[in-house]
Amino acid sequence: MSPAPGRPRSPRRRDRHGRGLRGPLAPSHVPIAKSRSERFDDLVLDAVDRLKPRWAKQLAAVEFAVEEVPPISELGDGPGLPAGEPIPFGRAKPADGNRPAIVIIYRRPLESRSRDRDHLGAMVHEAVVEQVAGLLGLSPESIDPGFDDHD
């Protein structure tokens, strides 16, 4: 039954099958409420935060970003790259004029190779360390002294 003309509809209290209120399954502050991409973003931020105590000055002008997959030009079949090259986990672009330096981490390649959430966190940290090392022209071991200890 529709409301009388000119009268606004009242919000539904139950779904059309009478099973209860529609809404989120979990409060927004609990981890289960986050999407996979939001949880991945948090892993990247955690990895960067782990590096900041030693490298805060060098990382102050670096932007960190997450992309789903690498562009076609970075894949093994792309121009100028040898066939069979592994899919990259990230890339670093040095500062250029007005553009700051940027480290980009690719979510899908890392997720597809991880065993579980802990392993994914370790892989994300390694990818961030490797990209920061490349950007600063240092070895990953000098960026993170425990780099070889990771799984």
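**Sheet and helix packing in the predicted model**

Strands β2 and β3 run antiparallel and are joined by four bridges. The model in which this pairing is found is a predicted one. Within the pair, Gly90 stands opposite Ile105 of β3. On the other pairing, strand β3, residues 101-106, lies parallel to β1, and six bridges connect these two strands. Here Phe64 faces Val103 in β3, and Glu67 stands opposite Tyr106 in β3.

Taken together, the three strands make an open sheet with the order β1-β3-β2 and mixed pairing. Strands β1 (62-67) and β2 (90-93) are the edge strands, each of them pairing on one side only. From one strand to the next, the twist averages 15°.

The sheet is packed against helices. Helix α1, which covers residues 36-59, packs on the sheet and touches β1 and β3. The direction of α1 makes an angle of about 165° with that of β1. Helix α3 also packs on the sheet, where it touches β1, β2 and β3. Its direction makes about 150° with the direction of β3.

Strand β3 was examined residue by residue. In a regular strand, side chains alternate between the two faces of the sheet. In β3, Ala101, Val103 and Ile105 point one way, while Ile102, Ile104 and Tyr106 point the other way. Both groups are buried. Because six of the six residues of β3 are buried, the strand is largely enclosed by the rest of the structure. Buried here means a relative accessible area under 20%.

Helix α3 consists of 20 residues, 117-136. At 1.5 Å a residue, a helix with this number of residues should span 28 Å, and the end C-alpha atoms of α3 are 28 Å apart, so the two values agree. Of the 20 residues in α3, 14 are buried, and the helix is therefore largely enclosed by the rest of the structure.

Both ends of α3 have local features. At its start, a side-chain oxygen of Asp116 comes to within 3.2 Å of the backbone nitrogen of Asp118. After the helix comes Gly137, which has a positive phi, near 70°.

The side chain of His125 makes a polar contact with the side chain of Asp144, at 2.8 Å.

For the protein as a whole, the secondary structure amounts to four helices and three strands. Read from the N terminus, the elements follow the order α-β-β-β-α-α-α. The protein has 151 residues, and buried residues make up 31% of them. Among contacts between residues at least 6 apart in sequence, 54% join residues at least 24 apart.

Conventions
Residues are numbered from 1 along each chain as its sequence is written. This is a predicted model: local features need pLDDT of at least 70, side-chain atom pairs count only at pLDDT 80 or more; totals for chains, interfaces and linings use all residues. Side-chain values use heavy atoms; hydrogens and water are left out. The expected span of a helix is 1.5 Å times one less than its number of residues. Buried means under 20% relative accessible area, exposed over 50%, partly exposed in between (1.4 Å probe, protein chains only). A polar contact is a pair of N or O atoms within 3.5 Å; within protein, one must be able to donate a hydrogen and the other to accept it, and residues adjacent in sequence count only if both atoms are side-chain atoms. Contact means heavy atoms within 4.5 Å. Two strands pair if DSSP finds at least two bridges between them. Axes are lines fitted to C-alpha atoms, for helices over the stretch in contact, and angles run from 0 to 180 degrees between N-to-C directions.
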